[in-house]
Amino acid sequence: MIRFTHVTKTYPRTGTAVQDVSLHLRKGEFAFLTGPSGAGKTTLLRMVYMEERPTVGEVQVSGTSSLEATKRDVARLRRKLGIVFQDFRLLENRTAEQNVAFALECTGAAPATIAPRVARVLGQVGLSSKGTAYPRELSGGEQQRVAIARALVNDPFVLLADEPTGNLDDRATRGIFQLLREINAAGTAVLMATHNLELIRRNDFRTIEMNRGSVVYDSAEHAPPQEALEL
Amino acid sequence: MRSLRDAFITFRRSPLLSVLSVTTIAFSLFAFGLFGLVALNIRQALDKLEDRVEIRAFVAEGTPSDLVDGAAADIETFPEVQSARLVTQAEALARAKRELGEFRDVFEGALLPASIDIKLKPGSRDPATVKKVAARVQAYAFLNDVRYGEEWISKLYRLRNIASIAGVVLGLAFAAVAVIIIGATIRMAVMSRAQEISIMRLVGATDSYIRRPFLLEGFAKGVAGGLLALLLTWIATLLINRYIVETSFFDQRTAALGLLFGAMIGLIGSAVSVGRHLRSV
């Protein structure tokens, strides 16, 4: 479903961000992507939604290849992906409902279908009663839920989450993580970049660890090295 | 339809920025319009002066009138000639008296020669053509004295050329300034929605979808700015007419062209700004 084949990404000014990475994320899988800051996690995720193209190698996402995808192909692909960030990226001048509806509006959904789909997905993230609230009126955890609702509203096959709990306290983190697990249980694959080793240790999901641009450990291939989880 | 609604919603969400853009466009076009008015009025003044370009061929005394009539009719068929009118001795005297005002008694009892006054068609009033026609007229033996103010005409033409060149150069400069200012304003509007654009891209909106409301918005702002500029220019004309000097306003076609210019600047400015933004993110 998502396949990296000997992918290297080099920037002219800052050098190599990702170095010869090959990996495969299967349908419905949950995987943590971890490693220190600057390890290349975000670049890897950006290559999944084709914001970046590899300098060498190929990324294939649900039949779209980084080698030949046009801008239009990339737009089409993103409609099947859900993307969530640490900083939520909500539009401040729109309510929770409007933020979620925005993703449908600008991908050409039939107007009549928008309201029920928004209501359903806000229910799914536990925010049915806060649809008319503006982001500033919501807690960090709630804002992230709105962002997740926006990511889910197009029924993606995979949710890409870049440090989704990075700005949240423990309680909110647990809530968001629980939500991601539920989403995964419903069939959506989740690729979650995180620094939170506690979260990784407590949950028995596939873990991909990166360092200096390379994948140094992938639990799908090896037994976990002790030092990797005791950083 | 959705783009139209989006453009309208944008206006509602950030009315201040929209009003600012429209005002900037309006004032840039207003400056351009004022310059246009000055150019237009100078041009009209010169045209009026040019209207007075004529060739006067004096008739030798004792020439039979049928010969003179024939010559006048003949001259009128020249392609450059608009009219050739015979002015009799009596008429010449009356005209001289009229034109000289308080010195009219100088002409008491004087005899002035009859003449054929030749008016040229617009576009045939340049020094070279005037000279050519004068030479042809001089071919009639009884029209040996042909005058047309050679020096005056060439001065008028020099002035006209200078005015035209200055008009084009200054006009281009004004237009360039308007385009730059308007472009910057539109860029500001695009930047203020950078986050929205980046989210649109993340959720899979195509570039053309993202671009559309901006183009519509730019077009609408251009039209609104153009209308406001026309209104301001019109008010300026009224004030100048009342307090300073009689001036004329743009005709409908020029006004429509000005409006179209505003709309195009709005549209193209938006297209360039959004295009640049989409390429840079």
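This is a predicted model: local features need pLDDT of at least 70, side-chain atom pairs count only at pLDDT 80 or more; totals for chains, interfaces and linings use all residues.
**Figure 1. Overall build of chain B.** Chain B contains nine helices and four strands. Along the sequence, these elements come in the pattern α-α-β-α-β-α-β-α-β-α-α-α-α. The radius of gyration of chain B is 30 Å, well over the 19 Å given by the globule rule for 281 residues, so the chain is more spread out than a compact globule. Along the principal axes, the C-alpha atoms of chain B fill a box of roughly 95 × 40 × 30 Å. Buried residues make up 27% of the 281 residues of chain B. When contacts in chain B between residues at least 6 apart in sequence are taken, 83% of them join residues at least 24 apart.

**Figure 2. Helix α2 of chain B and its cover.** Helix α2(B) covers residues 15–51. Its 37 residues should span 54 Å at 1.5 Å a residue, and its end C-alpha atoms are 51 Å apart, which agrees. Among the buried residues of α2(B) are Val22(B), Ile25(B), Leu29(B), Phe30(B), Phe32(B) and Leu37(B). Gly33(B) and Gly36(B) are also buried in this helix. The cover over the buried residues of α2(B) includes α6, α8 (207–243) and α9 (252–280) of chain B.

Figure 3. Helix α4(B) is made of 12 residues, 89–100. From its first C-alpha to its last it reaches 17 Å, close to the 16 Å expected at 1.5 Å a residue.

Figure 4. Helix α5(B) has 12 residues, 127–138, and reaches 16 Å from its first C-alpha to its last, close to the 16 Å expected at 1.5 Å a residue. Val130(B), Val133(B) and Val137(B) are buried in α5(B). Seen down the axis of α5(B), the buried residues fall within an arc of 70°, so they line one face of the helix. An α-helix has 3.6 residues a turn, so residues three or four places apart point the same way. Ala128(B) and Ala135(B) are exposed, on the face of α5(B) turned away from its buried side. The buried residues of α5(B) pack against strands β1 (54–58), β2 (81–87), β3 (115–120) and β4 (145–147) of chain B. They also pack against helices α3 (65–76) and α6 (150–191) of chain B.

**Figure 5. The four-stranded sheet of chain A.** Four strands of chain A form an open sheet in the order β2-β1-β4-β5, with antiparallel pairing. Strands β2 (15–25) and β5 (64–65) of chain A are the edge strands, and each pairs on one side only. Strand β4(A), residues 56–61, pairs with β5(A) in the antiparallel sense over two bridges. Gln60(A) has Ser65(A), in β5(A), as its bridge partner.

Figure 6. Six strands of chain A make an open sheet of mixed pairing in the order β6-β7-β8-β3-β9-β10. Its edge strands are β6 (81–85) and β10 (214–218) of chain A, each of which pairs on one side only. From one strand to the next the twist averages 20°. Strands β7 (158–162) and β8 (189–193) of chain A pair in the parallel sense over five bridges. Met192(A), in β8(A), is the bridge partner of Ala161(A). Helix α1 (41–48) of chain A lies across β3 (30–34), β7, β8 and β9 (206–211) of chain A. The helix runs at about 150° to β7(A).

**Figure 7. Two loop residues of chain A with positive phi.** Phe88(A) is not a glycine, yet has a positive phi of about 65°. Phe88(A) sits in the loop between β6 and α3 (96–105) of chain A. It is buried, with 20 other C-beta atoms within 10 Å. Glu163(A), also not a glycine, has a positive phi of about 50°. The loop that holds Glu163(A) lies between β7 and α6 (170–185) of chain A. Glu163(A) is buried, with 21 other C-beta atoms within 10 Å.

**Figure 8. The contact between chains A and B.** Chain B gives 12 residues to the contact and chain A gives 14 residues. On the side of chain B that touches chain A, α7 (194–202) and α8 of chain B each supply at least two residues. Helix α7(B) gives the most to that side, with five residues.

Note on methods: Residues are numbered from 1 along each chain as its sequence is written. Chains are lettered from A and ligands numbered from 1 in the order in which they are written. The expected span of a helix is 1.5 Å times one less than its number of residues. The radius of gyration is taken over C-alpha atoms; the globule rule is 2.2 Å times the number of residues to the power 0.38. A residue is buried if 20 or more other C-beta atoms lie within 10 Å of its own, exposed if 12 or fewer, and partly exposed in between; C-beta atoms are placed from the backbone. Two residues are in contact if their C-beta atoms, placed from the backbone, lie within 7 Å. Two strands pair if DSSP finds at least two bridges between them. The arc is that of the directions from the helix axis to the C-beta atoms. Axes are lines fitted to C-alpha atoms, for helices over the stretch in contact, and angles run from 0 to 180 degrees between N-to-C directions.
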